[in-house]
Amino acid sequence: MEEIPVYLFTGFMDSGKTSLIHETLYDNEFGKDARSLVICCEDGDEEYDEAKLHTITGNLVMIEDQSDLTEEKLCELNETYRPDQVFLEYNGTWELGPLLEMTLPERWEIVQSLATVDAGTFEMYLANMRSMMMEQLFSVDVVIFNRCDDDTPKGRFRRTVKALNRRAQIVYERKDGTIDDQDMEELPFDLDAEVIELSDADYGIWYLDASEDPKKYDGKKVRFLALVYRPEQKLKRNVFVPGRFAMTCCEADIQFIGFKCRYDKAETIPHRSWIDITAEIRHEFAMEYRGKGPVLYPVSIKPAEKPEDELVYFS
């Protein structure tokens, strides 16, 4: 038996979820020749036209209280409407955990999750409701920043999302509905320099960029201040990780980020010591990456003082 695809849409009210579902059903003809069930969990400015939905064999169900969104309720809807596909517009103020942990009706499968974000209010929400905003972006497949204009800081938005969810595809949509595929803002360091000098402010940006496009850095040299990760019995001989602790969304979400470094004198460098490292980057296979990625080969390593702020950031 074929699965029943469930498309999950998250985002705060008025971020464009309903418009995106309309576009998917009508303009992209997802509603053609399939029974569609739209489950809407909030009543925003834009509403669904039930009569128009019926013309494409679609039905609308409103669920305005999170306590009503239960496994039993979804099974009931499945029995009543027998959908071929489901579009779930989730309430942006509800926790996602209960939904993702829920046992869906037989054959229902979340095949794609999308988060819509109003580019004009993203940083305001991030400043005031950071944990709630980050939860929406943590596990989605696609993040759509809509209502973008020439002043939208796309690079900064991208880094914020990628710091939390590296696999997410990011789309920028302008106010007229067209896709903005112009180049991101320039990197804050010189890629063509003989040695790429990374400040503390640059490290998080470099780490994300090198993670996503390691071939770009193959053969290049980089210099940065690093904390040494080399606990006994956890890394192979002649290997350590120079990196930094980075804050992704809040103080409770701090992680160590760095790339594998091959060095025949790795055992001489104390765990959690600070170093000034210059290294050549090679794009090669590493078991730790389960494939190819950036591997560092030191050119020079010098002891260094601990910085005033040990954390780095992605903005």
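Me: Which residues form one aromatic cluster here?
Reply: The cluster consists of Tyr203, Trp206, Tyr207, Phe224 and Phe259. Phe, Tyr and Trp rings (for Trp, the six-membered one) pair when their centres lie within 6.5 Å; planes under 30 degrees apart are stacked, over 60 edge-to-face, and the rest tilted.

Me: Good. What sort of model is it?
Reply: It is a predicted model, where local features need pLDDT of at least 70 and side-chain atom pairs pLDDT 80 or more, while totals for chains, interfaces and linings use all residues. Numbering starts from 1 along each chain as its sequence is written, and side-chain values use heavy atoms, leaving out hydrogens and water.

Me: How many aromatic pairs does the count come to?
Reply: There are 16 aromatic pairs by that rule. In one of them, Phe145 and Tyr172 have ring centres 5.8 Å apart and planes at 10°, so they are stacked.

Me: Where do Phe145 and Tyr172 lie?
Reply: Phe145 is in strand E6 and Tyr172 in strand E7, so the pair ties together parts 27 residues apart in sequence. (Strands, E, of at least two residues and helices, H or I, of at least four are DSSP runs numbered from the N terminus.) Both Phe145 and Tyr172 are buried, meaning under 20% relative accessible area with a 1.4 Å probe and protein chains only.

Me: And how are the rings of Tyr203 and Phe224 arranged?
Reply: Their centres are 5.2 Å apart and their planes sit at 50°, so that pair is tilted. Tyr203 belongs to helix H8 and Phe224 to strand E9 (residues 221-229), so to speak distant parts of the chain, 21 residues apart. Tyr203 is buried at 1% relative accessibility, and Phe224 is buried too, at 3%.

Me: Switching topic: which residues lie nearest the centre of the largest pocket?
Reply: Leu20, Glu23, Thr24, Ile144 and Glu173 do, out of 24 lining residues. The elements giving two or more residues to that lining are strand E1 (4-10), helix H1 (17-27), strand E5 (108-118), strand E6 (142-148) and strand E7 (169-174). (A pocket is an open set of points on a 1 Å grid where a 1.4 Å probe fits, with protein on both sides within 12 Å along at least five of seven lines; lining residues have an atom within 4 Å of a point.)

Me: What about the second largest pocket, which residues are nearest its centre?
Reply: Gly258, Phe259, Lys260, Glu288 and Tyr289, with 15 residues lining it. Helix H8 (200-212), strand E10 (239-247) and strand E14 (291-303) are the elements that each supply two or more of them. Phe259 also belongs to the aromatic cluster.

Definitions and conventions
Buried < 20%, exposed > 50% of the residue type's maximum accessible area, 1.4 Å probe, protein only.
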